[in-house]
2 protein chains.
Amino acid sequence: MTGRDGGADLVPIEPSPVVILVRPQLAENIGGVARAMGNGGLFHLRLVAPRDGWPQERAWRMSSGADRILDAATVHATVVDAVADLHRVFATCPRPRHIIKPVLTARGAATELHAIGARGLRAGILFGPERAGLDNDDIACADSLIRYDLNPGFMSLNLSQAVMILGYEWYIARAPEAPPRQLQTNETRIANKAELENFMAHLTRACDESGFLKNPQKRPGMIRNLRHFFQRGEVTAQELNTLHGVISELARGPKPG
Amino acid sequence: MTGRDGGADLVPIEPSPVVILVRPQLAENIGGVARAMGNGGLFHLRLVAPRDGWPQERAWRMSSGADRILDAATVHATVVDAVADLHRVFATCPRPRHIIKPVLTARGAATELHAIGARGLRAGILFGPERAGLDNDDIACADSLIRYDLNPGFMSLNLSQAVMILGYEWYIARAPEAPPRQLQTNETRIANKAELENFMAHLTRACDESGFLKNPQKRPGMIRNLRHFFQRGEVTAQELNTLHGVISELARGPKPG
């Protein structure tokens, strides 16, 4: 719409959620995403296993001056690694199938993202690869889904457009006249994704050792189901401790006597 | 986000406003615009003096299957020609300068566009060329401006992103639970842009003949100011008739006696 504005004023509007591109294919699209993030006041970009490696000069060329966003982007081998320090993860998902997770519109998600930030927690949004979208394992790492309210007769949404819509809604929802958010009333700390992952590893190991996951065909789906279950809401650090204890105790087998 | 869906279901959600790209430069962007229009349920595309001519195969390649929108696109030599059959024209304009026209957000414009459609009137939205944006003469053809609520620190908005945001808001605003719109209470007919243009030509001619526009440096700006004035609200066909009469009468000079 307008020409290059430089990126001098490209300062994140904190607490700014993390945009996570999962297995992005085209560097041009990564550049377009950075540009859209700049438009929406987003700043934090993470790339999970970009197909053509990173950095890619074409991304900078397509970003229209959003260099600082690209300069600060980090690369991660897996989604699990990319979300480790986050407390809430959203997945953009045009056609959720048989998944029991809360589904939000982009507008609803934007409000939610500000509410999460206001509580001092960090949120991230997963965007899938250009053609295939997020797979079931990616979605299993998310707490909630975001489904855009767009023409169901033409669902082919460009990656940078998907980020643009979210950034646009996020920017609008920043309005200071939003009602003050309820803060946590006690000192409960929400577990981050690394702590949850640690618990999932413990649970999986225990299930493996117990023989519960012995069918190799069914194992991935069962693990995913467990992951979905434990992602369903925020888990506190205390709750995780308790769950760890439960698993350890159960794994020990029946008490003699 | 997802792969190609084909364009079989690419049916306009009528009354769908007209997207008018003014002097677009890159065929890729025109294709990206068509794709974004498909996402938002928009269908009618007009091109004013596309830089590289039309049709351009690259546009079809970038549209992700929104072929029907591109197939139906029309080309126009001027903005005036492109808006001739419309009743209301909006101009996307990131930084309105010294222009007295109503300024709407994308969200406000979407509501307005549905209200216009509900009254049986046709609306169009002007989008400027990639680098320069709309010029003053383009904007003079519009009744209202649309200014997106986005990060003022990074205004470089891609053309297809600008169309995407409007299409997204337009699609959401279609909601049937919107309050019923006030219909026109009498049989007044809103003049279309061709009728208004005809009046402007009459007025300009009269002003030229009267010597009012004799300063060649000031002439374009004065005509633009007149145009802005008469664009400010909807003009009815009856009002235009009256105005024509006023001009004709004044042009005749002072009555003898």
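Visitor: In what order do the 7 strands of the open sheet in chain A stand?

Guide: Strands of a sheet pair through backbone hydrogen bonds, in either a parallel or an antiparallel manner. In this predicted model, the open sheet of chain A has the strand order β3-β2-β1-β6-β4-β7-β5, with parallel pairing.

Visitor: Which strands stand at the edges?

Guide: The edges are held by β3 (74-76) and β5 (103-104) of chain A; each has a single partner strand, so one side of each lacks a neighbour in the sheet.

Visitor: Over how many bridges do strands β4 and β6 of chain A pair?

Guide: Strand β4 (residues 88-92) and strand β6 (residues 123-127) of chain A are joined in the parallel sense over 4 bridges. Within this pair, A:Phe90 is placed opposite A:Ile125 of β6(A).

Visitor: Which strands does helix α1 of chain A touch?

Guide: Helix α1 (residues 27-40) of chain A packs on the sheet and touches β1 (18-22) and β2 (44-48) of chain A, its direction making about 160° with that of β2(A). Helix α5 (residues 106-118) of chain A lies across β4, β5, β6 and β7 (144-146) of chain A, at about 165° to β4(A).

Visitor: At what angle do helices α8 and α10 of chain A pack?

Guide: Helix α8 (residues 193-210) and helix α10 (residues 237-251) of chain A pack at about 10°, and their axes are 10 Å apart. An angle under 35 degrees counts as roughly parallel, so α8(A) is roughly parallel to α10(A). Residues making the contact include A:Phe199 and A:Leu203 of α8(A), and A:Leu243 and A:Ile247 of α10(A). The contact residues comprise 8 nonpolar, 4 polar and 1 charged.

Key. Residues are numbered from 1 along each chain as its sequence is written. Chains are lettered from A and ligands numbered from 1 in the order in which they are written. This is a predicted model: local features need pLDDT of at least 70, side-chain atom pairs count only at pLDDT 80 or more; totals for chains, interfaces and linings use all residues. Side-chain values use heavy atoms; hydrogens and water are left out. Axes are lines fitted to C-alpha atoms, for helices over the stretch in contact, and angles run from 0 to 180 degrees between N-to-C directions. Helices (H or I, at least four residues) and strands (E, at least two) are DSSP runs, numbered from the N terminus. Angles under 35 degrees count as roughly parallel, over 145 as roughly antiparallel, 65 to 115 as roughly perpendicular and the rest as oblique. Contact means heavy atoms within 4.5 Å. Ala, Val, Leu, Ile, Met, Phe, Trp, Tyr, Cys and Pro count as nonpolar, Asp, Glu, Lys and Arg as charged, and the others, Gly among them, as polar. Two strands pair if DSSP finds at least two bridges between them.
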